[in-house]
Amino acid sequence: MEELHKTYGKMAALAGVTLEIADGEFVAMMGPSGSGKSTLLHCAAGLDTPSSGRVFLGGVEVTALDEPGLAALRRERIGFVFQAYNLLQALDVADNITLPLRLAGRPVDEAKLMAIAARVGLGSRLGHRPAELSGGQQQRVALARALITDPEVVFADEPTGALDTRTAREVLTLLRELVDEAGQTLVMVTHDPVAASYAHRVVFLADGHLAGEALRPTPEQVAERMTQLGAS
Ligand SMILES: Nc1ncnc2c1ncn2[C@@H]1O[C@H](COP(=O)(O)OP(=O)(O)OP(=O)(O)O)[C@@H](O)[C@H]1O
């Protein structure tokens with residue numbers, strides 16, 4: 001990402017952010033409320049368009065794509081995980097996980113579905129409806145759905161925000177395993193210093209600017225930096 005700006009009227013949500021994320025890297029984005037984390041994630045993922053600046057994914061300039069091009073990029077090369085799971089209640093786990101393939105008109109590979117479901121610990125739950133699962137299990141379904149298309153990057157916006165502490169740790173451990181064992185590139189927005197400590201690198205934002213970064217920080221180091229940035 002180069003020199004990203006995003007303005008709303010006179011408000012600069014992003015005021016010139018340049019950030020490079022390596023293949024296979026797990027990056028957490030932190031910053032006080034309103035610092036621009038979600039805006040940056042959305043611009044990086046082709047969900048929102050910056051006012052100026054450029055975003056690249058691999059060799060593709062995301063910011064040069066039109067809306068159909070962005071839709072194809074999101075469908076084929078990016079995985080999303082949100083705080084609120086966003087599962088379809090009428091579909092069972094298997095159909096929720098494979099929905100991105102069906103939307104893209106791609107064949108559903110049963111062996112792959114089984115492998116990904118097993119990977120996230122849902123191998124025995126494929127016939128269940130979301131309402132029959134715990135919050136942590138529902139977020140695992142959302143993660144499997146994000147992974148089924150073999151995305152180059154998974155973007156996660158507060159993926160553990162709705163989970164209790166123990167379940168959050170389980171989901172974070174799973175995310176970290178995907179990075180360590182499958183080489184998944186992962187970008188996560190979080191408010192939680194413990195969640196951020198699972199990443200290789202934590203990038204801090206303040207008032208739409210990059211305000212430093214930390215490599216493999218402890219939760220205490222992240223929390224201290226957040227206090228310096230004025231986060232409550
Ligand atoms: N659609 C919008 N219209 C106007 N202002 C917006 C819009 N979206 C975001 N903003 C503003 O841009 C700034 C950055 O918002 P953003 O949601 O990126 O922050 P954040 O760091 O993700 O915050 P939080 O941690 O509270 O989710 C905020 O001041 C916000 O009010």
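Me: Two strands pair if DSSP finds at least two bridges between them. Which strand does strand 3 pair with, and in what sense?

Reply: First, some housekeeping: this is a predicted model, where local features need pLDDT of at least 70, side-chain atom pairs count only at pLDDT 80 or more, and totals for chains, interfaces and linings use all residues. Residues are numbered from 1 along each chain as its sequence is written. Helices (H or I, at least four residues) and strands (E, at least two) are DSSP runs, numbered from the N terminus. Now, strand 3 (residues 26–30) runs parallel to strand 10 (residues 201–206), with four bridges between them. Ala 28 sits opposite Val 202 in strand 10.

Me: And how does strand 10 run relative to strand 11?

Reply: Antiparallel, with five bridges to strand 11 (residues 209–215). Leu 205 faces Leu 210 of strand 11 across that pairing. The hairpin they form has two residues between the strands, and Asp 207 there adopts a positive phi near 50°.

Me: What surrounds the ligand?

Reply: Near means a C-beta atom, placed from the backbone, within 6 Å. The residues around the ligand include Tyr 8, Met 11, Gly 34, Lys 37, Ser 38 and Thr 39. Strand 2 (11–17) and helix 1 (37–44) each put in at least two residues, and helix 1 gives the most, with three.

Me: How are two packed helices described?

Reply: By the angle between their axes and the distance between the axes. Here, helix 5 (residues 135–147) packs on helix 6 (residues 165–182) at about 20°, axes 9 Å apart.

Notes
Axes fitted to C-alpha atoms, helices over the stretch in contact; angles between N-to-C directions.
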